Amino acid sequence: QHEQLSPEKLVQALCQADDVDAQMLQLVQLFEFSERERRLRHLLVTLFQEVFSEFFPGCAILPFGSSVNGFDIHGCDLDLFLDLEKTKTFQASAKGPQGSQVNEGAGPDSDSEDSILSDIDLATATVPEVLELVAAVLRKCVPGVHSVQAVPSARRPVVKFCHKDSGLLGDISINNRLALCNTRFLQLCTEADERVRPLVYALRNPFGGGPLLNNYALTLLVLFFLQTRSPPVLPTVAQLWELKGEGDPTIVDGWDCSFPQDASRLEPSTNTESLCSLLAEFFHVFGDHDFAGCVISLREGRALPLPSFLLSEAGAKLKLGHFNVQDPFELSHNVAANVNEKTAVRFQHCCRHGAKHCRSLQYQRKSSKGKAWGLVRLFQPGVPEQLCQARDFRRCWFGKVCAAITFLLKDVLKCSCTERAGEPLGQRPTEQGEEEQPITESKHPRSEEGGSFAVSPPRKRLRTEGQAPEEEGSMSWACAVWHHVWMGRRRVRRQLRHLGSPQPDEAQEVEEKVTEAIIQQEGDSRGAEPLLSFTACARVGGGQEDTRTLLYFTPDPQQGPLFQDFYHFLQGFLPRMVERYVGRAMSLSE
Ligand code: ATP
Ligand code: MG
């Protein structure tokens, strides 16, 4: 399970930093993988490699994307590429007339009786067929993996999975070699200048908002921005190509992806701009950029005007849209082709808002009165709305809501309570025929609602057909209640007030005292058995922009009417308290 960073700690840590540069460096430290997380991913890759080698002799499992590109964030997905090239060659030669000779040679071991290769000819098999096979191996042979689903229709077809113990979500793709190159390119950029990472982390906006660009597109935009500073912070892809050195060019799917293997060949940048001013400049530059009227080219390090670009070979094929960012290697691919007009406008609006904030003193100067300043102010709801992808935000928001629920059950209501992360999809209570009661949905405050936190009435089940497992997030708690903590709370609250006991500002502290008083009145001691026990389960909402958290409560068998009472109490209590708890975390030090 990945480490959760509470929003309170985040705000606190950032507000204590000395200046915006320090805040941005801090942000990287707070979000990057711990050594433990890095090791865990490495172990998983080794495990996958071992299992897949059994079935696909000579194959390689290669991680790409944010696990290895230098922009890792706690709990980000694990992107894997299953390279079957060698397996294909091996199968082809094994099938040929000299097949037996290959087996005796240095080639991979295919003696395995149950070699899956006997069922399929990799040279002629379709992508969906290979994916199904990969999915079957994952389902049956990789321990601790669940929710396996082949998605053959995606632009880059993948098999999705979830690793139970770690809660990690992952993808295995079989024809995405270009992603290995662009992963390496992003890595190289992070090695080339140490300002790259803090700037990207800051723009991914850990405090959330609504979805605008996917992480890859946003990262490319930041790299492009750094290429276009004067003097440049990063070289263009064409300049990198010049420095590629001797040896064969790296051609992938017909695109030349040659560039130096490490940053030692690159001249250090002479640009001395601070992180604080680069961030402000990013907003300034893109607040006024004509995204629809040109194509952002990292290869050339400039925005190409449409008329001339359209005459080029790549230009004729690239899908133009409201936001045009050319992939650095696959030149006919617009990585932001799916951005619609509304999102493009919002992006620009966010940048202008960001630029405005960056001109204010609250951005540049640390508050001496403990108020939010710098990045914290920038990221508070609606200022600007997030530039990052929905998924990060949803994950972050869901984490906050779950932390609040744990705190409320354990510390405020004094239940005994064991957390369990990411239960398997197939083991939902309803699917086992048990009763399941969604009690409420809590919604993130959106700026258009004036920052208020809406609690809407339950909607129907959240899981819709075709919903990708990557959108899944779930957490459950096995709970036991030992005292009648739900009964007579109002009376106790009144008594406390009457007795003149100090009134803490925070609602949850009052509620904690109320629970303690009820427990005292019942004589403190616990019975041998709890009054009631149940499982609570929280899941994220269904749609891309859906930030609702749905809570389900399942009583353990034979709980009787007490459970109903407790459930009705929770129905009013939890949403209100989650709202206060998370709302407070969001606006701490306002
Ligand atoms: P995160 O998973 O944290 O959101 P990521 O960079 O891993 O960040 P994914 O969406 O998982 O993003 O994509 C994995 C990798 O696939 C990217 O790093 C990039 O190499 C490649 N990729 C993703 N989207 C695109 C795209 N639109 N065009 C080309 N390559 C892409
Ligand atoms: Mg990823």
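## The shell around ligand 1

In this predicted model, the shell around ligand 1 draws on two domains: domain 1 (35-177) and domain 2 (193-379) each contribute at least three residues. The domain bounds come from an automatic or database domain assignment. Altogether 17 residues surround ligand 1, and the closest are Ser66, Asp77, Asn182, Asn215 and His333. A residue is near a molecule here if one of its heavy atoms lies within 4 Å of it.

Two helices stand out in this shell: helix 7 (177-192) and helix 9 (215-227) supply at least two residues each. Helix 7 gives the most, with three residues. Helices are DSSP runs of H or I with at least four residues, strands are E runs of at least two, and both are numbered from the N terminus. Sorted by class, the shell holds five nonpolar, eight polar and four charged residues. In that scheme Ala, Val, Leu, Ile, Met, Phe, Trp, Tyr, Cys and Pro are nonpolar, Asp, Glu, Lys and Arg are charged, and the others, Gly among them, are polar.

An N or O atom in the side chain of Asn182 is 2.4 Å from an oxygen atom of ligand 1. For Asn215, a polar side-chain atom lies 2.9 Å from a ligand 1 oxygen, and for Asp79 the distance from a side-chain N or O atom to an oxygen of ligand 1 is 3.0 Å. Taken alone, ligand 1 exposes 580 Å², and the protein buries 85% of that. Accessible areas come from the Shrake-Rupley method with a 1.4 Å probe; for residues, only the protein chains shown count as cover.

## The magnesium ion

Ligand 2 is a magnesium ion, and its protein donors are Asp77 (OD) and Asp79 (OD), at 2.0 to 2.1 Å. Donors are N, O and S atoms within 2.8 Å of the metal (3.2 Å for Na, K and Ca); water is not among the atoms, so sites may look incomplete. Asp77 and Asp79 are both buried, where buried means under 20% relative accessible area, exposed over 50%, and partly exposed in between (1.4 Å probe, protein chains only).

## Backbone points to check

Most residues other than glycine have a negative phi, and most peptide bonds are trans. The peptide bond from Ser230 to Pro231 is cis, with omega near -5°. Pro231 sits in the loop between helix 9 and helix 10 (237-242).

The loop between helix 17 (390-412) and strand 11 (416-421) holds Lys414, which is partly exposed at 26% relative accessible area.

Ile73 lies in the loop between strand 1 (60-64) and strand 2 (78-83) and is buried, at 13% relative accessible area. Ile73 and Val28 are 45 residues apart in sequence, with 8.6 Å between their C-alpha atoms.

Glu281 belongs to helix 11 (residues 275-287) and is partly exposed at 27% relative accessibility. Glu281 and Arg229 are 52 residues apart along the chain, and their C-alpha atoms are separated by 9.5 Å.

## Conventions

Residues are numbered from 1 along each chain as its sequence is written, while chains are lettered from A and ligands numbered from 1 in the order in which they are written. In this predicted model local features need pLDDT of at least 70 and side-chain atom pairs count only at pLDDT 80 or more, while totals for chains, interfaces and linings use all residues, and side-chain values use heavy atoms, with hydrogens and water left out.

Methods. A polar contact is a pair of N or O atoms within 3.5 Å; within protein, one must be able to donate a hydrogen and the other to accept it, and residues adjacent in sequence count only if both atoms are side-chain atoms.
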